Each structure stands twice: as C-alpha cells, then as structure tokens.
Amino acid sequence: MIKCAIIDDEQPAIDVIQFYIYRMSRLQLADLELTGTATNPLTGLDMIKEQKPDVVFLDIQMDEMSGLEVMRIISPETKVVFCTAFSEFAVQSYDLEAVDYLMKPVEFERFVKAVQRVAVSLSAPLLPIHNIVAKDYVFVKTENKGRMIKIDFNDIDYIEGLRNYVTFYLANRKIIAHYTMKEAEDLLPADQFMRVHRSYIVAVKKISEIRGGELILKTTPVRIPVSSHYREDFLIRTGNK
C-alpha cells in the first residue's frame, strides 16, 4: 500500500487529487491510501511528521510557505509529486529530486503515470500503464426498477437534481435516475464535471461562456446558475481566479 498525503491551498485542487487516488484504487490500478490533506503548508508539515506518508502531492505557490521550501524540510524518505499551474519551477523541482511535476489542471492519465513513478521509486506493485482502460461512460439506475442505462460522458450537457432523483440532460434526450446529487457527482470524473449549484452539475467542456452568475452552454439554450457557495471553487478550477 502507498500512503498518500495532499498539501494545496486550494480545496478544489485537493478534491481532484483525492478523487484520482480513490479512482485508481477502485480500478485496482494501485493500492493507495489517503492519510490526510492540508490547505496550509505549516499544518501539512505537522501532518507529514505525524503520518509519515510515502508520497505527498504538493502545490508550489502557497502563501505561508512554498512547496519547494516544504520539500527541503521533509524527510527524503517521503516522495514528492508537485502539482502546480506554473511551469517555471520544474528545474528546481527536479534538482530537489521530486518524483514528478504535474501541471494543473491535472489529467487522470497523467496522474496515473506519476503514481507509477512513485511506485517504482518505492519498489511497490502497480499495474502496467498499458492495462489502463479509461472509462468514458456510466450505467445509471432509472425510475424503472432493475433497469440501467448506459450514458457516455461526452453526451452529458448538465445534470439537474430534485430530492432523491437527478435528470441527465443529453444532446437529444433526458434520463431520470434514482440518485441524490452527491451520488451523481461521485459517478462522474472530477476533471470533466463540476458542481456549480446545489441542483446543478455541468460538463466543463460544454461551457461556452460565463455571463454574470450564469453559464451559457454550447449545446442548449438553458442557462445554468452558479451559486455563491460554489462560485469561488468554480472560478479556481476554470483558471479564472
């Protein structure tokens, strides 16, 4: 088992890496365990000292202390994978012998390669990279008991929730499924879909415009509201803040 920790001052970035760790374990690509996360690098140092993770996924530009400074302090036994939006620190990271350097937004396939490098450095077991089949669909439970419908991720425009049901809006139809919004959110890859409202999840690549507090999609005239609760996370994830 590879014990993982995440330090990043942006919670949405933590959420993505956390989802990838869970997804790799679920797909049996590696035996990963998330031991902890921190949005403050000083708190993160205490976490690393206490939990002794095998690898830390580490942001570079943080207010209290940079990721480069954090790496200089922690034990060399803890491997480091940098996750950052800035390419100019790559040389420094490799001088410090970081295992890998991931550019945000981090793609799942690239994350898997980073974990593979970590596994090699730890002599830990990992399935070969060519065995990975990136799932691009999901089967959902419909209103009719015992019936499940396959939905391709590429076909989804947005999802709307109402109590214990959600509606998947596709290019040419809609499908009502028996899920809560949280359950629907967990079914979808975090790098492709975002929760922007208590009642809405959108496909990021279907967004054509941000207009005030609404999203304009490429494939439908429906405007999706962005609530104040999700707005900051949305702007950070889309690189607008």
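A crossover is right-handed if, with the strands pointing away from the viewer, the path from the first strand over the helix to the second runs clockwise. In this predicted model, β4, helix α4 (residues 90-95) and strand β5 form a β-α-β unit of that hand. A further right-handed β-α-β unit consists of β3, helix α3 (residues 67-73) and β4.

**Parallel strands around β4**

- Strand β4 spans residues 79-84, and five of its six residues are buried, so the strand is largely enclosed by the rest of the structure.
- Strand β3 (residues 55-58) pairs with β4 in the parallel sense, and four bridges connect them.
- Within this pairing, valine 56 has valine 80 of β4 as its bridge partner.
- Strand β5 (residues 100-103) also runs parallel to β4, to which it is joined by four bridges.
- Aspartate 100 in β5 is the residue that stands opposite valine 81.
- In a regular strand, side chains alternate between the two faces of the sheet.

**Backbone geometry**

- Most residues other than glycine have a negative phi, and most peptide bonds are trans.
- The peptide bond between lysine 104 and proline 105 is cis, with omega at about -5°.
- Proline 105 lies in the loop that connects β5 with α5 (108-122).
- Lysine 52 is not a glycine, yet its phi is positive, near 50°.
- The position of lysine 52 is in the loop between α2 (41-51) and β3, and its relative accessible area of 58% makes it exposed, because exposed means over 50%.
- Arginine 163, also not a glycine, has a positive phi of about 55°.
- The loop between β8 (156-162) and β9 (165-170) contains arginine 163, which counts as exposed at 77% relative accessibility.

**Aromatic pairs and charges over rings**

- The structure contains nine aromatic pairs.
- One of them joins phenylalanine 19 and tyrosine 20 in a tilted arrangement, with 6.3 Å centre to centre and 55° between the planes.
- Phenylalanine 19 is buried at a relative accessible area of 14%, and tyrosine 20 is buried at 0%; both residues count as buried because their values are under 20%.
- Phe19, Tyr20, Phe57, Phe108 and Phe111 are linked into a cluster by ring pairs.
- Arginine 23 places its charged end over the ring of phenylalanine 108, at 4.0 Å from the ring centre.
- The ring of tyrosine 137 has the charged end of lysine 150 over it, 4.7 Å from the ring centre.

- Aspartate 8 is located in the loop between β1 (2-7) and α1 (11-26).
- With a relative accessible area of 3%, aspartate 8 is buried.
- Its side chain reaches the backbone nitrogen of glutamate 10 at 2.9 Å.
- The side chain of aspartate 8 also makes a polar contact of 2.7 Å with the side chain of lysine 104, the residue joined to proline 105 by the cis peptide bond.
- When residues up to four places away in sequence are not counted, aspartate 8 touches Ala13, Ile14, Ala38, Thr39, Asp59, Met62, Cys83 and Lys104.

- Helix α7 covers residues 228-237, in which Tyr230, Phe234, Leu235 and Ile236 are buried.
- The elements that cover the buried residues of α7 include β11 (193-197), β13 (207-211) and β14 (214-217).
- Strands β13 and β14 pair in the antiparallel sense through four bridges.
- Isoleucine 210 has leucine 215 in β14 as its bridge partner.
- Two residues separate β13 and β14 in a hairpin, and glycine 212 in the turn has a positive phi of about 65°.

Note on methods:
Residues are numbered from 1 along each chain as its sequence is written. This is a predicted model: local features need pLDDT of at least 70, side-chain atom pairs count only at pLDDT 80 or more; totals for chains, interfaces and linings use all residues. Side-chain values use heavy atoms; hydrogens and water are left out. Buried means under 20% relative accessible area, exposed over 50%, partly exposed in between (1.4 Å probe, protein chains only). Contact means heavy atoms within 4.5 Å. Two strands pair if DSSP finds at least two bridges between them. Rings of Phe, Tyr and Trp (its six-membered ring) pair if their centres lie within 6.5 Å; planes under 30 degrees apart count as stacked, over 60 as edge-to-face and the rest as tilted. A charge sits over a ring if NZ of Lys or CZ of Arg is within 6 Å of the ring centre and within 35 degrees of the ring normal. A polar contact is a pair of N or O atoms within 3.5 Å; within protein, one must be able to donate a hydrogen and the other to accept it, and residues adjacent in sequence count only if both atoms are side-chain atoms.
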